[in-house]
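Hi,

Here is the structure I promised to pass on. Have a look through it first, and then read on for what turned up.

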Amino acid sequence: MALNRTVTILGTGSYVPEKVVTNDDLAVLVDTSDEWIYSRTGMKERRICAANQATSDLGAEAAKAALKDAGLDAAEIDLLIVATLSPDMFFPSTACFVQDQIGAKNAFCYDLGAACSGFLYALENARAQIACGAVETALVIGAEKMSSFLDWEDRSTCILFGDGAGAAILQARDRGRGLMPAVMGSDGALADLLWTPGGGSRNPISHEMVNRKEHFIQMQGRDVFKHAVTRMGDAVMATLEKNEIAVDEVACFIPHQANIRIIDAIAKRLDVEDRMFSNVEKYANTSSAALAIALDEAAHEGVLKSGDLAVLTVFGSGFTWGASVLEWGENQ
Ligand code: COA
């Protein structure tokens, strides 16, 4: 018999590297300024990994914090998904490296590639598997070492991103609404507006490719901006409609942290300026980790209270986008 269990977020955690890089620090590297970056993006600083830190190291720290928050042992995890666009290696998956670091020896593990939308995609992936009874407990991580894929001579991209990780533990519960079914979408026709064109099978690693800097992130910022505002706004409305929830019932909106102007534009469109969560000032855009870190901070800074409805929304390369609603609860 097909199950349709309620799935709840039992605990969250996050981790950012110690090294803080301010806008003034970036102005030493490229022709920019604190004024330009802050006024265009709302970013003040970002965290950057130490040379010996990889994406799985960040993910493992966030996972340990989420396990502690949930009061679970790593051996209780059945499914471990890492959403990332900056894996330790092409293979094996970063999820397998995290598994080894935290001792989640009973989990099956894989990475999920949806760029900045990855954490929400992975939450939905885990939610569906728990809802139908395929697994009991899932660990979902968004982790990125973006600094390895940035051209530190390109002022139009290097100022925008940071490193970090966030994690959530999911389990079935017989009360509340928990994490509700998401609305997600993609448009591969717009892939070239935000991508890393070199280093894969289309354009393999060669000296020429590296000389052309095609192994770094490339972006058409203005186009990305417009699509991000439209897609996240539409996805929020669609997920609220799907789950029969009115905008006014939502206590907190937690969007992808790419740019405060994108967040403000969505807030204005939905008329929810007073309920938008943002921490982009501290961490810049940490891609798939951004929503995960924001959710963890909203949970632990008292922004989310038991019984609150919260909306999560994301946008990223692909293009990919999505939105979910969840009912928050303490000791769920
Ligand atoms: N410092 C100073 N000047 C910069 C700069 C920097 N770091 N980066 C670009 N500029 C310059 C440009 O060269 C351009 O100069 P020009 O007019 O002489 O050609 C000028 O600033 C304006 O650039 P523009 O691209 O129009 O600025 P903008 O207001 O659109 O802001 C972004 C640029 C990148 C901040 C903005 O487009 C954005 O945030 N886009 C979305 C990016 C994003 O979120 N990506 C991830 C999605 S998951």
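Which residues in α11 are buried? Before the answer, one thing to keep in mind: this is a predicted model.

**Helix α11 and what follows**

The buried residues of α11 are S288, A289, A290, L291, A292, I293, A294, L295, D296, E297, A298 and A299. That is 12 of the 13 residues in the helix, which runs over residues 288–300, and α11 is mostly covered as a result. Just after α11 comes G302, with a positive phi of about 80°.

If you search the whole structure for aromatic pairs, you find two. F315 and F319 form a tilted one, with 4.8 Å centre to centre and 55° between the planes. Both of these phenylalanines are buried.

A bit of background here: most residues other than glycine have a negative phi, and most peptide bonds are trans.

- The peptide bond from F91 to P92 is cis, and its omega is near 0°. You will find P92 in the loop between β4 (79–83) and α4 (94–102).
- K213 is not a glycine, yet has a positive phi, near 60°. Look for K213 in the loop between α7 (207–211) and β10 (218–219). K213 has a relative accessible area of 29%, so this lysine counts as partly exposed.
- E244 also has a positive phi without being a glycine, in this case near 55°. E244 belongs to the loop between α8 and β11 (252–255). With a relative accessible area of 72%, E244 is exposed.

**Salt bridges**

How many salt bridges does the structure hold? The count is 13. As a reminder of the idea, side chains of opposite charge can pair when their charged atoms come close.

One of them brings together the side chains of E136 and R5, at 3.2 Å from N to O. This pair links distant parts of the chain, 131 residues apart: E136 is in the loop between α5 (118–131) and β6 (137–144), while R5 is in the segment before β1 (6–15).

Another salt bridge joins the side chains of D34 and K44, at 3.4 Å from N to O. Here the partners are 10 residues apart, with D34 in helix α2 (residues 34–41) and K44 in the loop between α2 and β3 (45–47). D34 is partly exposed, at a relative accessible area of 24%, and K44 is partly exposed at 31%.

Then there is the bridge between the side chains of R175 and D174, at 3.8 Å from N to O. Both R175 and D174 are exposed. Salt bridges that share partners also join D151, E153 and K213 into one network, and that is the K213 with the positive phi from the list above.

**A positive patch**

R222 is exposed, with a relative accessible area of 73%.

**One covered asparagine**

What about N279, buried or exposed? N279 is in the loop between α9 (260–270) and α10 (280–283). Its relative accessible area is 5%, so N279 is buried. The C-alpha atoms of N279 and N259 are separated by 9.9 Å, and these asparagines are 20 residues apart along the chain.

That's the tour. Happy browsing!

Conventions
Residues numbered from 1 in each chain as written. Predicted model: local features only at pLDDT ≥ 70, side-chain atom pairs only at ≥ 80, totals over all residues. Heavy atoms only, no water. Buried < 20%, exposed > 50% of the residue type's maximum accessible area, 1.4 Å probe, protein only. Phe/Tyr/Trp six-rings, centres within 6.5 Å; stacked < 30°, edge-to-face > 60°. Helix = DSSP H or I, 4+ residues; strand = E, 2+ residues; numbered from the N terminus. Salt bridge = Lys/Arg side-chain N within 4 Å of Asp/Glu carboxyl O.
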